[in-house]
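Subject: Structure handover

Hello,

The structure is below, as promised.

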Amino acid sequence: MDFSSFHPYVNYATRYSFSKGQASTNRHCYSSSLYLISEGKGILRTPGRIYHTTPGSLVYIPAGQPHDWIADSQDPMVHICCYFDWVYRDRRAYFNDPSVICHDFAQLIPGLLDATFPYAIPEHMKVEKLHVWIDFFEKFYTENHLVNERTYMRNLKRQSHFFQFIEFFLPFVLKDDHVLDHRIRKLLEQLDQDLIHGRLQPLEAYYTELRISRGYFFELFKKATGLPPTQYINQFRINRARDDLRNSDISVTDIAEKHGFSSVHYFSKLFRQLNGKSPREFRHAGEEESDH
């Protein structure tokens, strides 16, 4: 799965109050959707499953999945809801508003459905601290209109708040195997900054700051990046050196020194191991490509 294509984008978010006994059936949303029950009760039906929803119920419906909502006849539910794409879809040529729901499966256009998230997300969950979740949603409420030049800046702000919500949402719904340990996430942010600014510390300083053992640090680090720390650091530096080889006339010796390598010989050896070419061969190949 190419995770670089996943850029969550909220199309529409609002608060919706049901009337007593109101039913909304045979729904197929083109976007993925989330519903937080803030008040009242109701029933959700999905293929082969029935859920009784109450305040604190959080429901995730992937794009295209049929589902029915039926409000309680005495205490109807209130939805805090949003419709969003994991991978942005431009549907303007087909629809006039972003919250597109199809009620006739025969008319559904499969090519316009949002992508499927690569990890399983439960359909029905319960959340605590309901007010915290509502506060998140309220920050990215939108009008049910397509973005234009007058709403563009407001939309940027909403998308920023929605990204913060997704960062909060995914660790809640996914198993630990799919979620980056928050300690390693902060460490990687610091490590990248230290590499960029040329102030890398000994590895011991990083895992000592986290108050974890060396062995556990290496285990968490490789789980998060796929690489041991030293290999990650070398790859980071080599990637930055590649940019200089391709886009500048700095000598190979100066590039090695600039990016913290102990010698040009070590730099050249490591560069060949990771790229299949020496730094000079890599630079020459780039010059030939630009000539064409």
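In these notes, buried means under 20% relative accessible area, exposed over 50%, and partly exposed in between (1.4 Å probe, protein chains only). Helices (H or I, at least four residues) and strands (E, at least two) are DSSP runs, numbered from the N terminus. This is a predicted model, in which local features need pLDDT of at least 70 and side-chain atom pairs count only at pLDDT 80 or more, while totals for chains, interfaces and linings use all residues. Residues are numbered from 1 along each chain as its sequence is written, and side-chain values use heavy atoms, with hydrogens and water left out.

Helix H8 (residues 264-275) has 12 residues and spans 16 Å from first C-alpha to last, close to the expected 16 Å (1.5 Å times one less than the number of residues). Its buried residues are Phe-267, Leu-270 and Phe-271. They cover an arc of only 105 degrees around the axis, so they sit on the same side of H8; the arc is taken over the directions from the helix axis to the C-beta atoms. The face turned away from that buried side carries exposed His-265, Lys-269 and Gln-273. Just after H8, Gly-276 has a positive phi of about 75 degrees.

Most residues other than glycine have a negative phi. Asn-26, in strand S2 (residues 23-29), has a positive phi of about 55 degrees and is partly exposed at 35% relative accessible area. Arg-211 has a positive phi of about 60 degrees. Arg-211 lies in the loop between helix H4 (203-210) and helix H5 (214-225) and is exposed, at 78% relative accessibility.

Regards
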